[in-house]
Amino acid sequence: MVCCVTMSSASADTQELSKQPLQGLKLASHAVLEKVQQRGRSKCAKCGGSRMFFCYTCCLLVDINLQEIPDVKLPVKIDIIKHPNETDGKSTAVHAKILAPSDVTIYTYPCIPEFDKDKVVLVFPGPGAVTVQDIMQCLDERTRDPPGEPWLKRRKIENAPAATHTAEDHESETTDERKDSESRAHPLQRVVFIDSTWNQTNKISTDERLQDLLQVELKTRKTCFWRSQKGKPDTYLATIEAIYYFLKDFHEQCLAQEYNGEYDNLLFFYSYLHAVVNKSMAGKKEAEKRREKQ
């Protein structure tokens, strides 16, 4: 669990989507997960623990080949600071590590890496937190001395095609080259998330090593996590939800690109487990109704 998000006045579309969570995602086939579920639990090759799909302790796949699951590429690096008392089996942080292994790192508190405050943000609510849309401008203002062109204006100038460039030159540029250029253009390089129950977050969020980081607060999102925390609002997101929604907003609002499901597969395991849990709960309710009628 990680991020408190406040609800602004939601549109009818947003309200409708909240009734149908995880709909419309561009996901890889869940066939491999269905087969593993039919076979049952297997032992983790590293720790020997009995696991389904993956080992949440070792961050390793169990009874699944790496080639059978999606490999998600992210526009920024993700660091997750996990509370030592957070139950591994209940955390969704491992989903991100397994599905985006080259871009995600998990640290167990009090282990926190050294961060460059001008290139890193912390996704966590607070009185000074900004929206995803404001990240670039806020980071840019930290590094401009003396003040110069705003980041967005400078980015548009830098991205404008030179007069000597031909259409053939532009077409010859590969997608990877454009992404690399985009990555160098924006100041954000790393995003930090806290993986903890809300009652345990204070110790990590107030650590002096995180105090200089720009705080970012997500908005207008509701969790569909089946392990909701008692007494907490539905705007408290699971870790994987917070990571996904941040990246989606970042893609649209900061990179100014149309979102086409680039990070949907971060919810590959989450969406499958959500469906399994909901089906199980529906079955239990139906069984109770039958017993009441007897």
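Student: Leaving aside its neighbours within four places in sequence, what is Val 62 in contact with?
Tutor: This is a predicted model. In it, Val 62 is in contact with Ser 42, Lys 43, Cys 44, Arg 51, Phe 53, Phe 54 and Cys 55.

Student: Where does Val 62 lie?
Tutor: In the loop between β4 (60-61) and β5 (77-82).

Student: Is Val 62 buried or exposed?
Tutor: Val 62 has a relative accessible area of 2%, so it is buried.

Student: And what separates the C-alpha atoms of Val 62 and Ser 50?
Tutor: A distance of 9.2 Å, with the two residues twelve apart along the chain.

Student: New topic, strand β7. Which way do its residues point?
Tutor: β7 covers residues 120-123. Val 120 and Leu 122 point one way, Val 121 and Val 123 the other, and all are buried. In a regular strand, side chains alternate between the two faces of the sheet.

Student: Which strands does β7 pair with?
Tutor: With β8 (residues 190-195), in the parallel sense, over four bridges. Three bridges also join β7 to β9 (residues 214-216), again parallel.

Student: Last one, helix α9. How many of its residues are buried?
Tutor: 14 of 16, so the helix is mostly covered by the cut-off of under 20% relative accessible area. α9 spans residues 239-254 and reaches 21 Å from its first C-alpha to its last, close to the 22 Å expected.

Student: What follows α9?
Tutor: Ala 256, whose phi is positive, near 55 degrees.

Conventions: Residues are numbered from 1 along each chain as its sequence is written. This is a predicted model: local features need pLDDT of at least 70, side-chain atom pairs count only at pLDDT 80 or more; totals for chains, interfaces and linings use all residues. Side-chain values use heavy atoms; hydrogens and water are left out. Helices (H or I, at least four residues) and strands (E, at least two) are DSSP runs, numbered from the N terminus. Buried means under 20% relative accessible area, exposed over 50%, partly exposed in between (1.4 Å probe, protein chains only). Contact means heavy atoms within 4.5 Å. The expected span of a helix is 1.5 Å times one less than its number of residues. Two strands pair if DSSP finds at least two bridges between them.
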